[in-house]
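Here is a short tour for someone meeting this structure for the first time. Keep the sequence and the 3D view open while reading.

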Amino acid sequence: MDNFQALMLALIQGLTEFLPISSSAHLILPSQVLGWPDQGLAFDVAVHLGTLLAVLVYYRRDVWAMTRGAGQGLVERRVNPDLRLGLLVVLATIPAVAAGFLLKDLIENELRSAAVIATTTVVFGVALWLADILGARRRGVDQLGVGSALLIGLAQAVALIPGTSRSGITITAALALGFRREDAARFSFLLSIPVILGAGLLKAKDLLESRVPVDWAHMALGVVVSAVTAYLTILFFLRLLDRIGMLPFMLYRLLLGAVLFLWFV
């Protein structure tokens, strides 16, 4: 990659990681349409680190509260509200981890086609909008229970299929369960922390084992640009969410899906 390609890919990753529009659907376009080279393991690690930093900084109070709650819970031997939220995040992460280990080969070998990505982009875009208009939007994160956390976690496992959008499908599930928009997004973004961390560690392990040369300048660019872009994306998404709802994202996904179908399928 040259510097411009690295900059654009980091921007795309930062913008699409947390918006409900599918990062995989967007990352297919530069390589297929413009003939750009694969970004490589090192750059993947860099942008994962950048998006992880963004969500950790934005939700630093929640992360600190869950960490402090875990410590207090161990000392007092009781489950306080902050520890409970942390445990629900861990619980909701388990289905995606299990599905990733069990279905890794199937997903990588059979489900990465443009037809699959285009289809999931459209189907789950419509599902997002339906959940938004039909959901009760009355529940907050403090009303999240074990059953709801598991259902959102199962939805996150579906996001292993390219084009689904991890944030999109988890927000869809939360909205369908009656959560308010901001609370649905909040739990979705907190849920992204262990997922992005795990994916980044796996890619870092592959990078170390591959012993390929690392372009440290591109890695630094990827971390900084993806982190700043992802942070601003979270900030403005949450500020605008109650005003605009999910209709613009559904319409955008329909357009993107149509482009993918016409171009690649």
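R77 sits in the loop between helix 4 and helix 5. The model is predicted. R77 has a relative accessible area of 79%, so it is exposed, the cut-off being over 50%. Its phi is near 55 degrees, a positive value in a residue other than glycine.

The axes of helix 4 (residues 60-76) and helix 5 come within 7 Å and cross at roughly 110 degrees. That angle makes helix 4 roughly perpendicular to helix 5. On the helix 4 side, the contact uses A65, M66, R68, G69, A70 and G73. On the helix 5 side, it uses D82, L83, L85, G86 and V89. By type, these contact residues divide into 6 nonpolar, 3 polar and 2 charged.

## Helix 6

How well does the span of helix 6 agree with its 21 residues? Helix 6 covers residues 114-134. At 1.5 Å a residue, it should span 30 Å, and its end C-alpha atoms are 30 Å apart, so the two agree.

Helix 6 has a list of buried residues, among them A114, V116, I117, A118, T120 and T121. Further along, F124, G125, L128, A131 and D132 are also buried. The buried residues of helix 6 pack against helix 2 (23-33), helix 5 (81-110), helix 7, helix 8, helix 9 (181-210) and helix 11 (247-264).

## T121, inside helix 6

T121 belongs to helix 6. Is T121 buried or exposed? Its relative accessibility is 0%, so T121 counts as buried. The side chain of T121 reaches back to the backbone oxygen of I117, at 2.6 Å.

Beyond its neighbours within four places in sequence, T121 is in contact with A25, G163, R253, L256, G257 and L260. T121 and S165 are 44 residues apart in sequence, yet 7.8 Å apart in space, C-alpha to C-alpha.

S165 lies in the loop between helix 7 (146-158) and helix 8 (166-176). Its relative accessible area is 7%, and under 20% means buried, so S165 is buried. Two polar contacts involve its side chain. One, of 3.5 Å, joins it to the side chain of S167. In the other, a polar atom of the S165 side chain lies 2.9 Å from the backbone nitrogen of G168.

Which residues does S165 touch, not counting those up to four places away in sequence? They are L19, P20, I21, S22, A159 and R253. S22 is in a loop too, between helix 1 (3-16) and helix 2. At 1% relative accessibility, S22 counts as buried. The phi of S22 is near 80 degrees, a positive value in a residue other than glycine.

## Helix 8 and its cover

How many of the 11 residues of helix 8 are buried? The count is 10, and helix 8 is mostly covered. The buried residues are R166, S167, G168, I169, T170, I171, T172, A173, A174 and L175. Their cover includes helix 6, helix 7, helix 9 and helix 10 (216-244).

S192 is in helix 9, and S192 is in contact with F18, V55 and R166, leaving aside neighbours within four places in sequence. S192 has a relative accessible area of 0%, so it is buried.

Just after helix 8, G178 takes a positive phi of about 95 degrees.

The side chain of R180 makes a polar contact of 3.1 Å with the side chain of D183. R180 also touches R137, R138, R139, G140 and L175, not counting residues up to four places away in sequence.

Technical notes:
Residues are numbered from 1 along each chain as its sequence is written. This is a predicted model: local features need pLDDT of at least 70, side-chain atom pairs count only at pLDDT 80 or more; totals for chains, interfaces and linings use all residues. Side-chain values use heavy atoms; hydrogens and water are left out. Helices (H or I, at least four residues) and strands (E, at least two) are DSSP runs, numbered from the N terminus. Buried means under 20% relative accessible area, exposed over 50%, partly exposed in between (1.4 Å probe, protein chains only). A polar contact is a pair of N or O atoms within 3.5 Å; within protein, one must be able to donate a hydrogen and the other to accept it, and residues adjacent in sequence count only if both atoms are side-chain atoms. Contact means heavy atoms within 4.5 Å. The expected span of a helix is 1.5 Å times one less than its number of residues. Axes are lines fitted to C-alpha atoms, for helices over the stretch in contact, and angles run from 0 to 180 degrees between N-to-C directions. Angles under 35 degrees count as roughly parallel, over 145 as roughly antiparallel, 65 to 115 as roughly perpendicular and the rest as oblique. Ala, Val, Leu, Ile, Met, Phe, Trp, Tyr, Cys and Pro count as nonpolar, Asp, Glu, Lys and Arg as charged, and the others, Gly among them, as polar.
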